[in-house]
Amino acid sequence: MADIAAVPLTPTSPPHGTLARAERFVWLTARVLEQRLFAHHFRDGAAGPVETALEAYRNADGGYGHALEPALRGPASLPAHTARALHVLDSVARCDARRAEDVCRYLTSVSTTEGALTAIRPEAALPAVRPAGSGDAAVRLPGALSATAPVVGLLHRNEVWHPWLFRATDFCWQAVESLDAARPGDVVAAVLFLDHAPDRARAEAAAERLGHLVRRERLVVLDPDAPGARPAASTAPGSVPGHTPGDRRFPHDYARTPDSLARAWFTDAEIERSLDVLAAGQQADGGWPARRLPGAPEPAPAALLEARPIATIEALRTLAAYGRSLA
């Protein structure tokens, strides 16, 4: 593999700065899609190449598969893959009604009767490869807020409307407003929905209640200096380096941008300490550790290798959104 020393950095990029180290990591380890995304977000790259790379993961049923979400292997369309595809399209401002039509057709075909998406167990997807278009099996499972809310939020953010979206939105409201005891992943998904739900007054009220729940139930680490608080790559025997075990969450995991409703849950000092933890999470190779998909087994080396550049780009985007220097 050619060394990326041949890839020009901008004149303001110190060779050992945060962004330069991350860029080297991405060029040496990432898939084409994440390389194109990095170029778009940090090197003025065009959106077209990102779309072209994403197209390779799309199936005839309108969904996405082929390990677009690295923890889920095989070609079959799954809601988690489609959620990532929408996230990619949104991040390059290409999630328009035309592109969303096929996606919503697929989502309709795999949703429950109430319009919700199901959280496929990763261990069920890994051993046997199902043919593309066989997402019907997901309908037998109950709907999950963690699977549905991010998709619904992104579609609302891009002002997409489809018959499926009305039912799915109702499901999300009911699920969010009935959360009394939640897992961190459910809260993250709920925030992605509330940040873009059309009824802003209702969203603000739900977010305020959710913020109280997060602090009351201690679903967030507010003191990074407490024993065991800071995330660290797993070093247990047999584990794969570069992956963060457990479901430990910091303020920046909920409030990924300053304009998120979750930002009001935390003081300025708490956010700054959280961002310090995020910045310090960059590893020696320039990348950030990947968080294990909820319910998934220890990731295989190939899946981890594909997941870490995604985590790296997201970490950089969060730091940049808060005005942190990437030099």
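**A walk around some helices**

Visitor: At what angle do helix α9 and helix α10 pack, and how far apart are their axes?
Guide: This is a predicted model, where local features need pLDDT of at least 70, side-chain atom pairs count only at pLDDT 80 or more, and totals for chains, interfaces and linings use all residues. Residues are numbered from 1 along each chain as its sequence is written, and side-chain values use heavy atoms, leaving out hydrogens and water. Helices here are DSSP runs (H or I, at least four residues), numbered from the N terminus, and axes are lines fitted to C-alpha atoms over the stretch in contact, with angles from 0 to 180 degrees between N-to-C directions. α9 (residues 184–194) and α10 (residues 200–216) pack with their axes 10 Å apart, at an angle of about 160°.

Visitor: Are α9 and α10 roughly parallel or roughly antiparallel?
Guide: Angles under 35 degrees count as roughly parallel and over 145 as roughly antiparallel. The angle here is about 160°. So α9 and α10 are roughly antiparallel.

Visitor: Which residues of helix α3 are buried?
Guide: Buried means under 20% relative accessible area (1.4 Å probe, protein chains only). Helix α3 spans residues 48–55, and its buried residues are Val50, Glu51, Ala53 and Leu54.

Visitor: Which helices do the buried residues of α3 pack against?
Guide: Contact means heavy atoms within 4.5 Å. By that rule, the partners of the buried α3 residues are α2 (32–42), α4 (79–91) and α5 (97–110).

Visitor: What is the relative accessible area of glutamate 270?
Guide: Glutamate 270 sits in helix α12 (residues 268–280). Glutamate 270 is buried, and its relative accessible area is 9%.

How values were computed: Helices (H or I, at least four residues) and strands (E, at least two) are DSSP runs, numbered from the N terminus. Angles under 35 degrees count as roughly parallel, over 145 as roughly antiparallel, 65 to 115 as roughly perpendicular and the rest as oblique. Buried means under 20% relative accessible area, exposed over 50%, partly exposed in between (1.4 Å probe, protein chains only).
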